[in-house]
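The following briefing is intended for work with a single structural model. Please read it alongside the sequence and coordinates shown here.

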Amino acid sequence: VVAHAEVYRWPLEQRQRDDEGRHGSLHAKCAVADAATLLVSSANLTHYALSLNMELGMLIRGGPQPRDVQAHFLALIQREVLTRILPTPSPGG
């Protein structure tokens with residue numbers, strides 16, 4: 001999966017701030033594949049979320065939702081609101 005996935009982040013300098021200087025948080029937990037499959041989940045990608053917590057997710061195949069979410073993320077990437085995290089080479093290879 002890592003070899004084929006693109007991971008993005010929302011840099012702090014791109015986030016709006018309120019009157020008290022607090023910034024927004026990236027809390028979206030979803031994955032889109034080929035504008036055809038969408039996974040929306042409550043799980044954080046942490047040890048506890050993946051091993052101890054009770055989390056809920058929904059897999060959507062087909063319909064407009066995967067395409068709409070992908071278009072939304074592509075627009076955020078195009079406007080440079082989200083920036084790609086490049087993979088780091090694995091040790092020894």
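The lining of the largest pocket comprises 31 residues, and Glu6, Val7, Cys30, Ala31 and Val32 are those nearest its centre. The model is predicted, so local features require pLDDT of at least 70 and side-chain atom pairs count only at pLDDT 80 or more, while totals for chains, interfaces and linings use all residues. Residues are numbered from 1 along each chain as its sequence is written, and side-chain values use heavy atoms, with hydrogens and water left out.

**Largest pocket**

- The volume of the largest pocket is about 1400 Å³.
- A pocket is an open set of points on a 1 Å grid over the protein atoms alone, where a 1.4 Å probe fits and protein lies on both sides within 12 Å along at least five of seven lines; lining residues have an atom within 4 Å of a point.
- Grid points are joined across faces, edges and corners, and the volume is the space filled by probe spheres set on the points.
- At least two lining residues come from each of β1 (7-9), β2 (30-33), β3 (37-41) and α2 (64-78).
- These elements are DSSP runs numbered from the N terminus, with helices (H or I) of at least four residues and strands (E) of at least two.
- By residue class, the lining of the largest pocket contains 21 nonpolar, 6 polar and 4 charged residues.
- In this classification Ala, Val, Leu, Ile, Met, Phe, Trp, Tyr, Cys and Pro are nonpolar, Asp, Glu, Lys and Arg are charged, and the others, Gly among them, are polar.

**Strand pairing**

- β2 and β3 run antiparallel and are joined by 4 bridges; two strands pair if DSSP finds at least two bridges between them.
- Within this pairing, Ala33 stands opposite Thr37 of β3.
- The two strands β2 and β3 form a hairpin with 3 residues between them.
- β3 also pairs with strand β4 (residues 57-61), again in the antiparallel sense, over 5 bridges.
- Val40 has Met58 of β4 as its bridge partner.
- Leu38 lies in strand β3 and is buried, at 3% relative accessible area; buried means under 20%, exposed over 50%, and partly exposed in between (1.4 Å probe, protein chains only).

**Loops and backbone angles**

- Most residues other than glycine have a negative phi.
- Asp34, in the loop between β2 and β3, has a positive phi of about 55 degrees although it is not a glycine.
- The relative accessible area of Asp34 is 73%, and this residue is therefore classed as exposed.
- Ala35 is placed in the loop between β2 and β3, and its phi is also positive, near 55 degrees.
- Ala35 is partly exposed, with 24% relative accessibility.
- Leu26 belongs to the loop between β1 and β2 and is partly exposed at 44% relative accessibility.
- Leu26 and Leu12, 14 residues apart in sequence, have C-alpha atoms 9.8 Å apart.

**Helix α2**

- The 15 residues of α2 reach 21 Å from the first C-alpha to the last, close to the 21 Å expected at 1.5 Å a residue; the expected span is 1.5 Å times one less than the number of residues.
- Asp68 is located in α2 and counts as partly exposed, at 47% relative accessibility.
- Asp68 and Leu45 are 23 residues apart in sequence, with a C-alpha to C-alpha distance of 23 Å.
- Following α2 comes Glu80, which has a positive phi near 60 degrees.

**Salt bridges**

- The structure contains 2 salt bridges, each defined as a side-chain nitrogen of Lys or Arg within 4 Å of a carboxyl oxygen of Asp or Glu.
- Arg22 meets Asp18 in a salt bridge with an N to O distance of 2.8 Å, and Asp18 is partly exposed, with a relative accessible area of 32%.
- Arg22 also forms a salt bridge with Glu20, where the closest N and O atoms are 3.3 Å apart; Glu20 is exposed, at 63% relative accessible area.
- Shared partners join Asp18, Glu20 and Arg22 into one salt-bridge network.
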